[in-house]
Amino acid sequence: MGDFILSPQICIERKGISDLFQSFASGRLYSQAEAMCRYYDLPCLLVEFSENNSFSLQGQSDIPSEIQINNICSKMSLLALAFPNLRILWSR
């Protein structure tokens, strides 16, 4: 549960892009988010991009107008709705 525990209130789960996709596919990310939200006041998901890659999950033309279960942006939206206390941080 969390890669970094910064204090009794703050926990951070760190994901690279490929790990983020795999964690969604396996359902592991929801389990991790649920555990962090249960035990910490400020749970955080840190999504790390490579310095050499563009800072996006998918191209703008690939983002659907409706939620689709297999779409990464939809999955991120559903994660944020399911865990409103989870902070999502983006970094290179």
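In helix H3 (72-82), the residues Ile72, Ser74, Lys75, Met76 and Leu79 are buried, where buried means under 20% relative accessible area, with exposed over 50% and partly exposed in between (1.4 Å probe, protein chains only). Helices (H or I, at least four residues) and strands (E, at least two) are DSSP runs, numbered from the N terminus. This is a predicted model, in which local features need pLDDT of at least 70 and side-chain atom pairs count only at pLDDT 80 or more, while totals for chains, interfaces and linings use all residues. Residues are numbered from 1 along each chain as its sequence is written, and side-chain values use heavy atoms, with hydrogens and water left out.

The buried residues of H3 pack against H1, H2, E3 and strand E4 (87-91). Leucine 79 touches Phe24, Leu29, Tyr30, Ala33, Leu45 and Leu86, leaving aside residues up to four places away in sequence; contact here means heavy atoms within 4.5 Å.

Turning to the pair H2 and H3, their axes, which are lines fitted to C-alpha atoms over the stretch in contact, lie 11 Å apart at an angle of about 25°, on a scale from 0 to 180 degrees between N-to-C directions. H2 and H3 are therefore roughly parallel to each other, since angles under 35 degrees count as such. Leu29, Tyr30 and Ala33 in H2 meet Lys75, Leu78, Leu79 and Ala82 in H3, and the residues of this contact divide into six nonpolar, no polar and one charged, where Ala, Leu and Tyr are among those counted as nonpolar and Lys among the charged.

Methods. Angles under 35 degrees count as roughly parallel, over 145 as roughly antiparallel, 65 to 115 as roughly perpendicular and the rest as oblique.
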